[in-house]
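Take a look at the sequence and the structure first, and then we'll walk through a few of its parts.

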Amino acid sequence: MSLTSLTDLEGIRARHLPRIEERLRPGELARPSQVLVCTGTGCASSGSVEIYNALRQEVRERGLDVTVTRTGCFGFCGAGPIVVVHPGAVLYCGVKEDQVRHLAERHLEKGRVVPELLYREGETARSFLFEVPFFARQHRVVLENSGLIDPEDIEEYIARDGYFALAHVLSGMTPEEVTRTVSASGLRGRGGAGFPTGRKWAFAAVEPGPKKYIVCNADEGDPGAFMDRSILEGNPHAVLEGMAIAAYAVGADEGFVYARIEYPLAVKRLEIAIRQARKLGLLGKDILGSEFSFDVDIALGAGAFVCGEETALLNSAMGLRGEPRVRPPFPAQAGLYGKPTVINNVETLANVPAIIRRGAAWYAAMGTERSKGTKIFSLAGKIRNTGLVEVPMGMPLGSLVYDIGGGPPPGRRIKAVQTGGPSGGAVPADRLDVPIDYESFRELGTIVGSGGLIVLDDRDCMVDLAKFYMQFARDESCGRCTPCRVGTAQMVEILERITAGAGTLEDLDELDALAGDVQEASLCGLGQTAANPVLSTLRYFRGEYLAHIKDHYCPAGVCNLRVH
Ligand SMILES: Cc1cc2nc3c(=O)[nH]c(=O)nc-3n(C[C@H](O)[C@H](O)[C@H](O)COP(=O)(O)O)c2cc1C
Ligand code: SF4
Ligand code: FES
């Protein structure tokens, strides 16, 4: 069945909406009718697929009128596997397969909550998902459907207004109006550099020629980052819809998602989504009865960090060596097979449908003067609530870490938060009042980056951290240009010397000088930003470097120093 009009979409929405709306109603216990099981990678790795299957079997055997639905990530990964029962949104955490029988009997059959599986803060048990502070303080735009719908069922996405933005664009907006709307929203690229999305589209739109491409960058190579993976696992259609809208705006008829091969579930769900969208005529020829045609394919990347860099990505997608090239020409002018190509990050594209549906002004009202909207972060490290969090730009970083993340584990003290992965830096604990936005982070010597946040405490050594990231940059350097290839290796040697207790004060000057050289003379972003973790730890934690050098002592007790 191919959909040919808005009315067709509305028909699907009307059929599925009551079921989805029931999942949004907080806190009223009634006869259970739906169970949602997170089958995102985090929960799946601790057995949630088995829990999903066991729950289906229990429901069947007991003859219950309850639907069991798999979802993408709820965000609360550290407390997984997550199971939520509706109506009422009763949240169960850390569910084990051998507890499923009890849960089915007690809650699904008898309608009574299972207290031992509820989320707890100290002595207090929280029954309802919407009461848990982790969720209550977030503002979900991109993640609004993640954990709410079945990502393998396009009709559930349509029930949440999915593909209505595309329908709206095709039925009443010119390509220029679409680009203007995205520009007016203030959306900036979420892949790291924060480039204005509308401006990038406008560059590609004015390029002549019938053949253009949209590429979605789903490479996500930063250690500790899993935002893009979770979006694709939890709500893949939002990315496809965003790509189709981008394609309409710039005049492209073909798109690729460049996804890591290490993301099998994301790739599988994307494949299913593409198949389902094609079947309903939401991808392919003459979409929704219009004259606009656009289709999407997947290109698999083999997991080299540098292949996330846009020109390296293009080379890799064309079957060449994944090495960056000199810009200009920019991909918007000459990209895939020499044709104008827009490359956008997964989260960037997933923002687009909501911007079109709700308007540029709605989006621009969230955030700060120059950083609009929301941003997703993956919270990892020494924090109680590890997981995926979406907050409005402008929120103080400390609120995210303490109010949503729950602060450090008992008895520990946060020392710093590493933002921006290997291209970013450490924000010290006493600067966590910094608002989350591109400019404020830059002033502190770090970047928002793609959204990896690693919380460090008094048992983490900042010199060791800098060494870890520098080793990562050295290992992932493609070797094309000397400053990056040789400079990162030399910086690693110095850091190894310092953490072994054999460093000198001259080594610190040498680190500083090398950092400047690698930054300035490298061809691509990998080399240009590789020194950031070293520079920021030198800026805020110089004392730790000096303790290693002068006292042969690692204050955090991490480095195995030999006394010289
Ligand atoms: C070494 C390196 C790795 C990168 N990895 C990614 C990545 O995994 N995902 C991503 O979206 N952008 C990545 N980027 C940024 C992209 O080059 C590009 O700026 C981005 O995909 C553009 O999309 P946006 O404007 O929507 O952010 C990387 C950049 C560099 C220098
Ligand atoms: S900066 Fe590093 S990763 Fe980038 S092109 Fe040069 S050698 Fe390759
Ligand atoms: S993977 Fe289940 S909550 Fe994140």
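## A strand and its partners

Let's start in β8, where Ala259 is the bridge partner of Ala218. Strands here are DSSP E runs of at least two residues, helices are H or I runs of at least four, and both are numbered from the N terminus. This is a predicted model, so local features need pLDDT of at least 70 and side-chain atom pairs count only at pLDDT 80 or more, while totals for chains, interfaces and linings use all residues. Residues are numbered from 1 along each chain as its sequence is written, and side-chain values use heavy atoms, with hydrogens and water left out.

β7 and β8 run parallel, joined by six bridges; strands pair if DSSP finds at least two bridges between them. β8 also pairs with β9 (residues 295–301), again in the parallel sense, over seven bridges. To get from β8 to β9, the chain passes through helix α12 (residues 264–279) in a right-handed β-α-β crossover, meaning the path over the helix runs clockwise with the strands pointing away from the viewer.

## What's tucked away

β8 is largely enclosed by the rest of the structure, because six of its seven residues are buried (under 20% relative accessible area, 1.4 Å probe, protein chains only).

Helix α13 (residues 310–317) is largely enclosed too, since six of its eight residues are buried. Among them are Glu310, Leu313 and Asn315. The buried residues of α13 pack against α9 (197–205), β7 (213–218), β8 (254–260) and β10 (341–345). After α13 comes Gly319, with a positive phi near 85°.

Terms used. Chains lettered and ligands numbered in written order. Buried < 20%, exposed > 50% of the residue type's maximum accessible area, 1.4 Å probe, protein only. Contact = heavy atoms within 4.5 Å.
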